[in-house]
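Please examine the sequence and the structure shown below.

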Amino acid sequence: MFEVGQKLPVQVFQVTRADLIRYAGASGDFNPIHWSQRTAEGVGLPGVIAHGMLTMALAGRAVAAWAGRSDSLVDFGVRFTRPVPVPDTEEGTAVEFTAVVKQVADGVAKLDLTATCQGEKILAQAKAAVRI
């Protein structure tokens with residue numbers, strides 16, 4: 001299933017402003033930088049941005065898809081490097097995830113993830129381990 005050096009297929013997720021509202025309701029994070037253009041730009045952001053934990057959740061969703069099961073994830077971590085601007089359009093923005101298998105041992109595959117939005121890397125040190 002996983003081989004060292006294997007590049008996993010791209011997973012793309014669209015993020016819209018409606019997704020941000022749903023995520024705010026579920027998480028309780030109603031920070032206006034996630035829904036108010038005026039506030040986001042007022043604090044120096046390029047516009048409304050996605051919640052970091054939403055972005056991380058999408059990365060986890062990509063890993064689960066690659067592994068074939070959501071309960072196979074045994075370790076997961078990321079650092080946020082850039083915000084994910086979400087324009088006020090029907091399609092929002094696309095967040096793309098890829099990964100390379102770095103190690104396979106003892107029934108666990110270790111993956112290095114790359115996440116991009118509008119050509120910019122949005123996560124650093126993004127790593128996951130999945131039971132195989």
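Is Asp-106 buried or exposed? At 82% relative accessibility, Asp-106 counts as exposed, where exposed means over 50% relative accessible area, buried under 20% and partly exposed in between, with a 1.4 Å probe and protein chains only. The model is a predicted one, in which local features need pLDDT of at least 70 and side-chain atom pairs count only at pLDDT 80 or more, while totals for chains, interfaces and linings use all residues. Residues are numbered from 1 along each chain as its sequence is written, and side-chain values use heavy atoms, with hydrogens and water left out.

Asp-106 is located in the loop between β3 and β4; helices (H or I, at least four residues) and strands (E, at least two) are DSSP runs, numbered from the N terminus. Its backbone deserves attention. Most residues other than glycine have a negative phi. Asp-106, although not a glycine, has a positive phi of about 50°. Gln-125 also is not a glycine and has a positive phi, of about 45°. Gln-125 belongs to strand β6 and counts as exposed because its relative accessibility is 53%.

Beyond its neighbours within four places in sequence, Trp-66 is in contact (heavy atoms within 4.5 Å) with residues including Met-1, Phe-97, Leu-111 and Leu-113.

Thr-93 lies in strand β3, which spans residues 93-105. Thr-93 counts as buried because its relative accessible area is 4%. Its side chain makes a polar contact with that of Gln-118 at 3.5 Å; a polar contact is a pair of N or O atoms within 3.5 Å, and within protein one must be able to donate a hydrogen and the other to accept it, while residues adjacent in sequence count only if both atoms are side-chain atoms.

Finally, Asn-31 is found in the loop between α1 (17-27) and α2 (37-42). Asn-31 counts as partly exposed because its relative accessibility is 34%. Asn-31 and Arg-79 are 48 residues apart in sequence and 20 Å apart in space, C-alpha to C-alpha.
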